[in-house]
Structures are given as C-alpha cells and as structure tokens.
Amino acid sequence: MRIIIAKDYNDMSKKAANMVAAQILLKPNSVLGLATGSTPVMTYKYLIKLFQDETISFCHVVTVNLDEYIGLSKEHPNSYHFFMQDIFFNHVDIKLENIYIPDGMAMDLETECIEYENKIQKNKGIDLQILGIGSNGHIGFNEPDLKFEGITHCINLDDETIKANARFFEKEEEVPRRAITMGVKTIMNARKIILLANGSEKAKTVFNAIHGKIDPALPASILQLHPDVTFILDREAAYYINNQ
C-alpha cells in the first residue's frame, strides 16, 4: 500500500490524473474502473486536459463504472450514465461501445448483475480502478455489512449514504434507495487501485480503513490486502494519519 498526501483537493486530483495517464501510456487499451460522485470530478477534468493537449488518447480504452442507481433512466440528470457523459465521456475520444455502466432500469436486475460481471471478465478484468470512499467506509455502493459481497449485485443503500447523496437531488425523498454495484471481489481483482479522499469528514474513516482491522463493517478496510493500492489524500483527509 502506498499513501500519497496531497496539499489540497486540486493537487490530489492532478496526482490521480497523472497516474491514470501513465497507465494509458503504458497500455493504450487499458480497462479503467471509474467512480462517480464529487470526489473524482476534478480528476476527470485533468484527464480531459491531458487529452486536449494530446498527451493521451482514450480511443482504445475500455471503461467500467462501479455502480448505478436502480430506478433512474440513463437520461435522468442524477443517473451515473448522465453524470459520466456530462462530466467526462463527452469531452474525450472514447468509443461508445467501450463504455460499460450498469443498467438501473433493467427488467431483470439479477440477470443484469450477472451480465455486467461477465462483461468485465470478457475484457480480461480491470487494469486500474478508481475509488472514492463513503463516510461510512463504503467503496462503490458496498455498504457496511456482516460479510463482504463478492461480485456485482443489488444493494439497499444505508441511510447515511442516502443523506450524503441528497445534495445532488432537490429532496432527500428523491434519492434512490437501491443500486447496482460491483462487489468487493470484483474491485479487489483490479490489478491496480487508486482510492481518493478529501475533506476532514473522511479523515477518521480513512485512518481506520488503513490501520484498523479488516472488517465488512468498514468495507474499504479490505484494501489492506490488495497488492497494488494507492491512497491519494488531501491534508484534511490525512489528518489522523499525520497525527497518529
């Protein structure tokens, strides 16, 4: 495990983008696992800039997203399909057929989970996975539980996650209560992982994920077992690490 402490959110994002760019330069047809939410937004903006500067190209890259809300159409402004298109995909040269995001409107959700997992395996797994971390320690939408869920599955969102995501909706009641998410085993099978965290509200969770016991009650703690994981933190998120 590597821990990189950036001076602020902007610096954290730039460092993450440079690591992703290095992966693409080394392997132009890399399979990238992508996260949503506010944490990786600036990382995607830096990647767009690197594309515009002709430093990297996404024309051979394959992307697989971590998760999607159940019950939101691809066109819904709060769906992760819409988010990824608006924030990232519309601004680079990635091919539409190389973009994979779970379908939260699938008629048969269990089949959708199986098929999504098969798509990841068909592409020979994830080369580099970008993760955020919830204040409750979730990665993807793998919420605290009594056990780690292995592969792509449907999950009920915790109240804490619903409240955290309510800022993206007009009302908290509009936040979906369920989602499709990659499982912990799928995430851990990625050859490289980058976890991004910023802000003081994540500091205790980040510290426990790195130094605490491995426990499904703190899903991110499983990353201690990954052979190539890098935590990129701003100073606020690294507070307890710097002051242990």
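Leaving aside its neighbours within four places in sequence, which residues is Met 12 in contact with? Keep that question in mind as you open the viewer.

First, some ground rules. This is a predicted model, in which local features need pLDDT of at least 70 and side-chain atom pairs count only at pLDDT 80 or more, while totals for chains, interfaces and linings use all residues. Residues are numbered from 1 along each chain as its sequence is written, and side-chain values use heavy atoms, with hydrogens and water left out.

**Stop 1: Met 12**

Select Met 12, which sits in helix H1 (residues 9–26). Helices (H or I, at least four residues) and strands (E, at least two) are DSSP runs, numbered from the N terminus. With neighbours within four places set aside, Met 12 is in contact with Ala 6, Thr 39, Leu 196, Ala 197, Asn 198, Ile 232, Leu 233 and Asp 234. Contact here means heavy atoms within 4.5 Å. Met 12 counts as buried because its relative accessibility is 0%. Buried means under 20% relative accessible area, exposed means over 50%, and partly exposed lies in between (1.4 Å probe, protein chains only).

**Stop 2**

An α-helix has 3.6 residues a turn, so residues three or four places apart point the same way. The side chains of Lys 15 and Asp 11 meet in a salt bridge, with 2.9 Å from N to O. A salt bridge is a side-chain nitrogen of Lys or Arg within 4 Å of a carboxyl oxygen of Asp or Glu. Is each partner buried or exposed, or in between? Lys 15 is partly exposed because its relative accessible area is 31%, whereas Asp 11 counts as buried at 15%.

**Stop 3**

How many salt bridges does the structure hold? There are 6. One of them joins Asp 53 and Lys 49, whose closest N and O atoms are 2.8 Å apart.

Next, select Arg 191 and Asp 127, whose side chains form a salt bridge of 2.9 Å, N to O. Arg 191 lies in the loop between helix H6 (184–188) and E9, and Asp 127 in the loop between H4 and strand E6 (128–131), so this pair ties together parts that are 64 residues apart in sequence. Arg 191 is partly exposed at 40% relative accessibility, while Asp 127 is buried at 5%.

**Stop 4: Glu 117**

Move to Glu 117 in helix H4 (residues 109–122). Glu 117 is buried yet has no salt bridge, and the nearest side chain of opposite charge, Lys 185, is 7.4 Å away. For charges, Lys and Arg count as positive and Asp and Glu as negative; His and the chain ends are not counted. Not counting residues up to four places away in sequence, Glu 117 touches Ile 151, Thr 152 and Thr 186.

**Stop 5: helix H7**

Finally, select helix H7 (residues 203–211). Which of its residues are buried? They are Ala 203, Thr 205, Val 206, Phe 207, Ala 209 and Ile 210. Their cover includes E1, strand E9 (192–197), strand E10 (229–234) and helix H8 (239–242).
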